[in-house]
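Me: I'm new to this one and would like to learn how to read it. Could you walk me through it, one feature at a time?

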Protein chains: 2
Amino acid sequence: MPVGTRASVKAISQGELEALGAEIILANTYHLYLRPGHELIRDLGGLHRFASWPHPILTDSGGFQVFSLSALNKIEEQGVRFRSHLDGSQHMLTPELAIEVQLALGADIIMAFDDCTPYPATVEQARASMERTHRWAERSATSWRASGGSETGSALFGIVQGGMYPELRRESAQFLAAMTLSGYAIGGVSVGEPRELSLAAVEAALDVLPKDKPRYLMGVGTPDELVQYVALGVDMMDCVLPTRNARNGLLFTSQGPISIKNARFAGDSGPVDPACGCTVCARYSRAYLRHLYQAREILAAQLQTHHNLHQYLDTMRQLRHAIELGRTLPEPGGSSPAR
Amino acid sequence: MPVGTRASVKAISQGELEALGAEIILANTYHLYLRPGHELIRDLGGLHRFASWPHPILTDSGGFQVFSLSALNKIEEQGVRFRSHLDGSQHMLTPELAIEVQLALGADIIMAFDDCTPYPATVEQARASMERTHRWAERSATSWRASGGSETGSALFGIVQGGMYPELRRESAQFLAAMTLSGYAIGGVSVGEPRELSLAAVEAALDVLPKDKPRYLMGVGTPDELVQYVALGVDMMDCVLPTRNARNGLLFTSQGPISIKNARFAGDSGPVDPACGCTVCARYSRAYLRHLYQAREILAAQLQTHHNLHQYLDTMRQLRHAIELGRTLPEPGGSSPAR
């Protein structure tokens with residue numbers, strides 16, 4: 001899922017996203033609550049109409065952002081008290097408000113409000129954070145059902161926490177599975193931990209989460225992580241890497257990532273990736289993209305975002321195709337069959 | 001002509017420019033000479049291939065930029081000595097080098113090197129600057145012819161100077177007309193002077209310049225100036241206004257310009273201009289564009305650039321159509337027939 005935090009996937013238009021075959025985008029509750037405000041978006045017909053994206057939208061609950069972006073945040077049982085990173089105004093985001101905001105936005109998939117466990121955390125800290133996440137998941141579900149539940153046109157996903165402790169991940173997945181929600185997300189991954197720990201935590205959760213419901217791994221990942229986690233049974237992922245790296249001149253190719261600012265590309269008339277079928281590789285050279293990047297032209301961000309998103313979406317298309325054909329997916333450190 | 005100073009019309013792709021019906025873009029000798037270098041672009045097959053723009057390109061001679069952008073510039077009879085605004089390196093741009101750079105870039109229309117007269121200037125200063133421009137035009141033409149002239153695939157335009165003195169403008173136009181160049185430009189306009197002065201200066205030059213050759217007014221202008229100058233007989237104009245204003249949230253509409261950041265657009269579900277046929281007006285609301293602008297999303301620059309360029313190109317299309325039909329063009333302060 002391309003990430004459109006503030007109702008825009010950075011540096012790419014909705015028409016281009018459609019042409020790239022993007023089927024769903026992610027938007028952010030915290031950001032849109034603060035600006036332009038969920039009530040304004042609701043009054044304008046909801047996020048689909050506001051952003052002119054007549055396709056699925058998933059909103060995250062804001063739990064991650066109240067910590068990573070806002071100043072003076074404080075967790076209470078009721079929710080999280082924080083100051084806006086925009087104007088310093090005071091707010092409190094609760095499970096009930098997170099659901100209210102997401103329903104006002106009118107997203108197709110909405111997330112329960114969670115307490116994103118930082119890394120590192122002791123097992124006691126991770127347990128406390130996980131149990132709070134469970135209580136907040138129940139309040140989120142109660143609030144969602146009171147507003148009409150699936151009749152609102154939305155599906156509610158719960159979020160598994162548990163830090164880097166597989167036994168907690170398993171317990172969290174069991175707790176949420178028992179709530180019979182529309183789908184399940186695995187949060188608190190890619191927060192600075194070594195790859196083996198996230199892998200083990202995700203595997204523990206996937207062991208327990210029902211296989212007939214969507215399983216969404218939040219905030220992941222690199223191109224090889226996409227392959228790795230799909231092989232483990234993950235259905236959905238979102239990550240800012242393709243778009244953020246594009247703006248920083250880091251381009252994904254079939255031969256690995258390249259940094260377009262590298263001087264060796266100055267006179268390189270070849271495309272970013274000869275094996276890529278995107279319109280940027282069809283039309284522009286590495287030399288031109290490097291020039292645009294060096295000259296800080298906005299077009300660098302535009303073209304490079306297009307290319308990187310094509311790479312990511314194409315990887316996912318190939319994985320889907322391999323699964324449909326029953327082929328084996330590559331997996332670092334061994335080969336496991338497609339689920 | 002949309003302005004693509006550094007081989008990119010800011011915030012819009014070449015494919016979009018083609019879809020908008022842009023037939024020619026302008027690129028800048030000074031900027032491309034400094035970065036990435038005209039020799040690199042020549043070695044990569046020229047500017048058309050480098051920028052993937054297989055349509056006409058006009059390059060200006062750099063005379064304006066060595067003054068407006070570089071530090072420590074100094075006019076000598078030989079040329080202009082300056083320090084790069086990028087790295088402080090010392091250079092001297094001469095008529096001969098300006099032609100060499102433009103031929104290396106491979107532009108379709110290239111400009112003689114000129115001394116852009118500032119405003120205000122005494123009649124003596126304006127005359128000295130004009131006469132230098134004439135000597136430099138002769139050196140530019142000699143250099144161009146020695147390199148093959150029109151056999152290089154390029155057309156050389158001379159630039160009329162003369163400040164805000166109609167008699168000097170007339171004299172400059174006569175001098176250049178006698179050189180029988182491929183076309184003629186009027187420079188040194190829109191440099192801070194009141195509109196009446198530029199109008200009078202341009203009219204004086206147009207009186208003299210041959211009507212069977214392209215007449216290009218440099219660096220102009222607002223939408224009403226487009227109409228005004230076409231009515232006077234101008235064939236070509238370039239201006240950063242549509243693209244620069246777009247990035248600053250100032251949008252041109254059939255009802256005049258609007259500032260999209262204005263709070264009254266926060267909940268406005270209508271298009272930027274209901275009378276506009278562009279894809280941005282077809283798909284997005286003022287409320288969404290205002291949100292993107294307030295959130296400093298790159299997409300704001302992209303969509304707004306698209307809209308403003310559509311407005312400008314559409315104005316020129318309508319003017320061409322009116323001329324073909326022999327209709328009267330509107331002109332502030334009176335009505336004059338299409339030429």
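Predicted model: local features only at pLDDT ≥ 70, side-chain atom pairs only at ≥ 80, totals over all residues.

Me: How many helices and strands does chain A have?

Reply: Chain A comes to 14 helices and 14 strands.

Me: What is the order of the strands in the open sheet of chain B?

Reply: Strands of a sheet pair through backbone hydrogen bonds, either parallel or antiparallel. Here two strands count as paired if DSSP finds at least two bridges between them. In chain B, seven strands form an open sheet, with parallel pairing, in the order E1-E2-E6-E7-E8-E9-E10. Strand E1 (25-28) and strand E10 (236-237) of chain B are the edges, each pairing on one side only. Take E6 (residues 109-111) and E7 (residues 155-160) of chain B: three bridges join them, and B:Met111 has B:Phe157 in E7(B) as its bridge partner.

Me: Which helix packs on the sheet and touches E6 and E7 of chain B?

Reply: That's helix H7 (residues 123-146) of chain B, whose direction makes about 175 degrees with that of E7(B). Touching means contact, with heavy atoms within 4.5 Å. For the angles, axes are lines fitted to C-alpha atoms (for helices, over the stretch in contact), and the values run from 0 to 180 degrees between N-to-C directions. Helix H8 (residues 166-177) of chain B lies across E7 and strand E8 (183-186) of chain B, at about 160 degrees to E7(B).

Me: And how are chains A and B related?

Reply: Two copies of a chain are related by a rotation about an axis and a shift along it. Copies are superposed by least squares on the C-alpha atoms of residues with pLDDT of at least 70 in both. Chain A can be laid on chain B with an RMSD of 0.0 Å by a turn of 180 degrees and a shift of 0.0 Å along the axis, so the two copies are related as by a two-fold rotation axis. In chain A, the C-alpha nearest the axis belongs to A:Ile298, 3.9 Å away. The same surface serves both copies, as 100% of chain A's contact residues recur in chain B.

Methods. Residues numbered from 1 in each chain as written. Chains lettered and ligands numbered in written order. Heavy atoms only, no water. Helix = DSSP H or I, 4+ residues; strand = E, 2+ residues; numbered from the N terminus.
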